[in-house]
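Trainee: I would like to learn how to read salt bridges and strand pairing in a model. Please take me through them one at a time.

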Amino acid sequence: MIHICDDWISISLASREAVFAAARNFSSDKCWTEIVPGIDSVAIQFNPALLSPDEASHLAIRQLGTEVSETYCPPPAIVIPICYDAEFSPDRDLIAQKLALKSTNLSTWHTSKTHRVAMLGFMPGFAYLESPEECPAIGRLENPRQLVSAGSIGIIGNQSCIYSFDSPGGWPIIGRTPLRLFDPSRDRPALLTAGQTICFESITRQAFDQWPQGAME
């Protein structure tokens, strides 16, 4: 199903793989000024000075049709360093309790999981993650925080997120990465991409403090 609003086209798709494949295909055409993969859809923006809405929708449908027979190639996997120091993991006791784990075992449990970027949203570079492995529901905090620091990793069960900037938030926080998730001065401002596999790697507080400020790797 296709929806057109001003200079945006939203296309509903049957699977997450189809979303990632369509986004990859659209990204090869400079007609689209922005491409935003979602959970079950992809949104693309066009320049109305160059394309009418009808022309843009016909082009999108044609490109979408050529993608169906192609194999989806996910972006390269990435390792995200994460520090589980008490200051960076204020909800570890709550999370451990929900998971029926000891707090001291939480980092080992978390780094054993594989995650995939479901989509970017909420703010530039903010990543929503999903895990294919079963996980008990953790839920959101009863009282959201007024400030969650950039790099914080939140988790509510099979879904996780990484905060790209300081902001309010209600996800229980399990740790923090020293990596910068969004840098507008770079050719590719966002560190993460929809469809990308993420593995978390535990680092010490000393390593976190010594990490180059603003580094994206």
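Trainee: Which side chain meets Asp-91 in a salt bridge?

Mentor: First, the ground rules. This is a predicted model, in which local features need pLDDT of at least 70 and side-chain atom pairs count only at pLDDT 80 or more, while totals for chains, interfaces and linings use all residues. Residues are numbered from 1 along each chain as its sequence is written, and side-chain values use heavy atoms, with hydrogens and water left out. Side chains of opposite charge can pair when their charged atoms come close. The criterion for a salt bridge is a side-chain nitrogen of Lys or Arg within 4 Å of a carboxyl oxygen of Asp or Glu. Here Asp-91 meets Arg-145, at 2.8 Å from N to O. The pair links distant parts of the chain, 54 residues apart: Asp-91 is in the loop between β5 (78–83) and α3 (92–99), and Arg-145 is in strand β8 (residues 145–148). Helices (H or I, at least four residues) and strands (E, at least two) are DSSP runs, numbered from the N terminus.

Trainee: Is Asp-91 buried or exposed?

Mentor: Buried means under 20% relative accessible area, exposed over 50%, and partly exposed in between (1.4 Å probe, protein chains only). Asp-91 counts as buried because its relative accessibility is 8%, whereas Arg-145, at 24%, is partly exposed.

Trainee: How many salt bridges does the rule give?

Mentor: The count is seven. One of them joins Lys-113 and Glu-133, with the closest N and O atoms 3.3 Å apart. Lys-113 lies in the loop between α4 (106–111) and β6 (114–120) and Glu-133 in the loop between β7 (127–130) and β8, so this pair ties together parts 20 residues apart in sequence. Lys-113 is buried at 15%; Glu-133 is partly exposed at 28%.

Trainee: What separates Arg-205 and Asp-209 in helix α5?

Mentor: About one helical turn, because they are four residues apart in α5 (residues 205–210). A network of salt bridges links Asp-85, Glu-87, Arg-205 and Asp-209.

Trainee: Now the strands. Which strands does β9 join by bridges?

Mentor: Two strands pair if DSSP finds at least two bridges between them. Three bridges join β9 (residues 152–155) to β12 (residues 173–176), running antiparallel. Another three join β9 to β10 (residues 159–162), also antiparallel. Gly-154 has Ile-173 of β12 as its bridge partner, and Ile-153 has Ile-162 of β10.

Trainee: How many residues lie between β9 and β10 in their hairpin?

Mentor: Three, and Gly-157 in the turn has a positive phi of about 140°. Both faces of β9 are covered, with Ser-152 and Gly-154 buried on one side and Ile-153 and Ile-155 on the other.
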